[in-house]
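Dear colleague,

Please find below the structure for your records.

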Amino acid sequence: MNTTWEPERFANLNRQLGECLELTAESPKVEELKQKLEELKPELASLLEYPAKNAQHRTALEKGTPTINGEQYKVSTDFVAEATKLSDFLEVDEDLAAALVHKAVGYEKRFELAAGESAVLLYFSEREAKLESLRTLFAGGASTGVDEGVRTVLEQHASEILSSTLKASSSMFPERVLAAINMLQARQTRVSAVLSGPSAEVPYQREVVEFVKTRIGEERKQLAMLLFVIMRDYQLNSGELLAVVAWLRSASVSDAATLRLAAGLLVALGTDEGSEQAEAAALDKVSHLVRDSAFLVRLNAAIIDEPWCDSGLKGVVWLQWALLALFGMKRSPGFDQLIGFREDRVEAIAEQAVRMGAYRCAADYLLGHRIDDAMEYELADEFTALQQQRADTASAVSPRYPHFDDVSEELQWQLERSMEAMLAAFIGRMSSLVRRMRYSEEDALYQAQQSAVYQTTQAEPARRDTEALFAWVTVLYTGRADAALRFWGHGEPDDRLAVFVRWGADCREQGMVRAYFGMLAALASGAQASVCAHEFMSGGGAGGHRQTVNQAPLCSWQALFGALDFYAGHLRPGEPDPLAAPPPEIPDAEVALLRAFLRLCRSVVQHSVVARTAIYDSTELGAMTTMFALLACVVPVALK
């Protein structure tokens with residue numbers, strides 16, 4: 001393996017790649033890029049694998065005659081000590097360490113560090129640039145926004161790297177990415193051990209070693225994001241996809257790499273029907289699985305039969321797999337025979353996925369970047385409902401998922417797009433399951449209430465999966481202007497999502513109603529969506545759509561402002577009387593319900609001038625009078 005090293009080779013390559021994305025194939029710079037890619041392809045394919053320490057090279061270095069970039073040098077004892085220390089710390093070949101120190105001498109003044117410490121910074125800077133170059137190469141090779149000739153050049157080199165193997169291993173590039181993620185985790189642990197050990201054993205300034213620890217963590221995220229791009233834009237072979245599933249099964253959700261690889265797997269298994277292009281891509285995935293029936297069976301076994309560390313993540317992947325299986329059964333004849341089960345089994349898998357906590361993982365983990373302090377406060381009840389999404393074997397409330405504050409805008413967009421597609425597919429393809437689970441929960445909640453009244457034993461806490469589903473929608477769409485127009489019937493070939501919104505309007509259980517109003521508040525974000533929500537509430541839960549026989553009068557401005565007026569009348573303070581009973585209080589559950597309604601009202605009037613004027617001017621609603629009257633009453637601060 002190559003032990004030469006020059007600074008900024010990959011930094012320059014990444015700049016060339018970025019420039020060529022804006023050019024046409026006729027540009028001379030594209031030809032220069034082709035030559036540079038051909039030259040650096042072996043090193044790009046090797047990822048972060050560098051030559052290990054070598055006894056022969058160590059001996060030559062100790063004698064003061066290392067080989068630096070192919071030429072033998074005579075060096076000082078100080079140089080030998082610095083290069084030896086660098087080789088031990090970075091765990092690389094002594095000749096490579098000598099080359100790093102040799103080049104770093106010219107950077108000492110710029111970094112205001114000694115040559116060895118400057119070499120550490122240069123080393124990790126080039127590693128970062130190499131990973132960025134790979135990501136730019138793979139993304140550019142699949143981007144329709146790049147000139148076709150340039151895209152062809154990039155795609156050719158990306159494909160060659162994808163199919164490349166190394167002498168030391170027969171694994172393909174995606175599997176080597178996974179191996180590198182694991183290797184770096186072990187490396188980070190060793191660096192942490194150095195920092196926590198005796199100060200005398202820390203080889204460089206503590207700030208430099210802390211930098212190395214941080215950079216290794218960043219490299220793991222870069223590698224995971226690189227594999228995400230590959231899973232999104234290219235088709236993994238059977239062994240590679242199985243390797244990703246196996247990695248995720250044993251992964252910790254507190255690992256930032258898990259979030260990125262989970263997003264990639266969901267994209268790889270996704271069967272979005274939102275556009276002709278997306279539907280064609282989904283059909284290609286199914287056709288690929290049908291052509292390799294043995295892989296289909298192995299993939300099903302890897303996802304369904306093997307244990308997972310996190311039940312919620314397992315549930316999300318199960319749910320996506322069930323949606324793919326159902327799509328395959330409907331669009332590819334014989335798919336059910338190949339996979340070994342029929343639609344009833346798919347629905348059972350989806351139901352198990354929900355019970356494992358799929359909604360909780362989707363909303364609180366995959367969309368964790370959307371959850372800020374304001375959302376935590378506003379949606380406290382929704383997150384409580386999500387925590388009650390647990391595996392059937394668990395008796396305690398599930399803990400919250402970790403949230404990462406370093407999710408790039410690109411990944412945020414991809415996660416939200418993936419969740420939108422998954423949610424729409426689930427509601428559209430499995431509406432019967434959604435309905436059945438809700439009605440079952442309503443029965444269980446009623447029985448729980450009866451048990452409390454008659455003081456009988458309740459065997460198990462009632463589940464609140466429907467609330468969790470509404471909370472998933474709420475987290476996904478809160479604050480995203482007009483992103484949820486599909487739920488109001490805009491731009492959809494059918495109205496399955498609009499039917500879902502109307503269907504939820506006849507919920508009667510308090511928790512479900514609260515979660516439903518919270519969902520409507522999120523769906524009302526934006527100028528067009530708020531008008532749709534206003535029409536919906538003005539029509540008693542039908543809006544501008546066709547009227548339904550079973551309309552829900554509760555889901556209307558009249559009913560809800562009437563409820564506020566009722567409380568304002570009963571809680572209105574009278575003359576001071578020390579002997580009078582304390583004023584009545586609004587039950588906590590109804591406070592939460594009223595807060596959800598007011599969030600809906602706020603969202604509608606914030607985004608729509610028409611709705612704001614209509615509600616303000618309505619003498620029937622008396623909105624301003626009622627709210628100011630309630631404001632003067634003794635009510636919880638959160639409601640005020």
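Helix α17 (residues 343-356) packs against helix α18 (residues 358-366) at an angle of about 55°, and their axes are 4 Å apart. Axes are lines fitted to C-alpha atoms, for helices over the stretch in contact, with angles running from 0 to 180 degrees between N-to-C directions. Helices are DSSP runs (H or I, at least four residues), numbered from the N terminus. Ala353, Val354 and Met356 in α17 meet Ala358, Tyr359 and Arg360 in α18, where contact means heavy atoms within 4.5 Å.

The model is predicted: local features need pLDDT of at least 70, side-chain atom pairs count only at pLDDT 80 or more, and totals for chains, interfaces and linings use all residues. Residues are numbered from 1 along each chain as its sequence is written, and side-chain values use heavy atoms, with hydrogens and water left out.

Salt bridges

The count comes to 43 salt bridges, each defined as a side-chain nitrogen of Lys or Arg within 4 Å of a carboxyl oxygen of Asp or Glu. One of them joins Glu160 and Lys41 (2.1 Å, N to O). This pair links distant parts of the chain, with Glu160 in helix α8 (residues 148-162) and Lys41 in helix α2, 119 residues apart. Lys41 is buried at 13% relative accessible area, whereas Glu160 is partly exposed at 29%; buried means under 20%, exposed over 50%, and partly exposed in between (1.4 Å probe, protein chains only).

Arg135 forms a salt bridge with Glu410, the closest N and O atoms being 2.2 Å apart. Arg135 lies in helix α7 (residues 115-140) and Glu410 in helix α21 (residues 409-429), so the pair ties together parts that are 275 residues apart in sequence.

Glu467, which is buried at 3%, meets Arg464 in a salt bridge (2.3 Å, N to O). Both belong to a network of salt bridges that also links Glu382, Glu509, Arg514 and Arg599.

Backbone

Most residues other than glycine have a negative phi. Leu47 has a positive phi of about 55° although it is not a glycine. Leu47 is found in the loop between α2 (28-45) and α3 (55-62) and is buried, at 2% relative accessibility. Glu91 also has a positive phi, of about 60°, and lies in the loop between α4 (77-90) and α5 (94-104).

Yours sincerely

Note on methods. Helix = DSSP H or I, 4+ residues; strand = E, 2+ residues; numbered from the N terminus.
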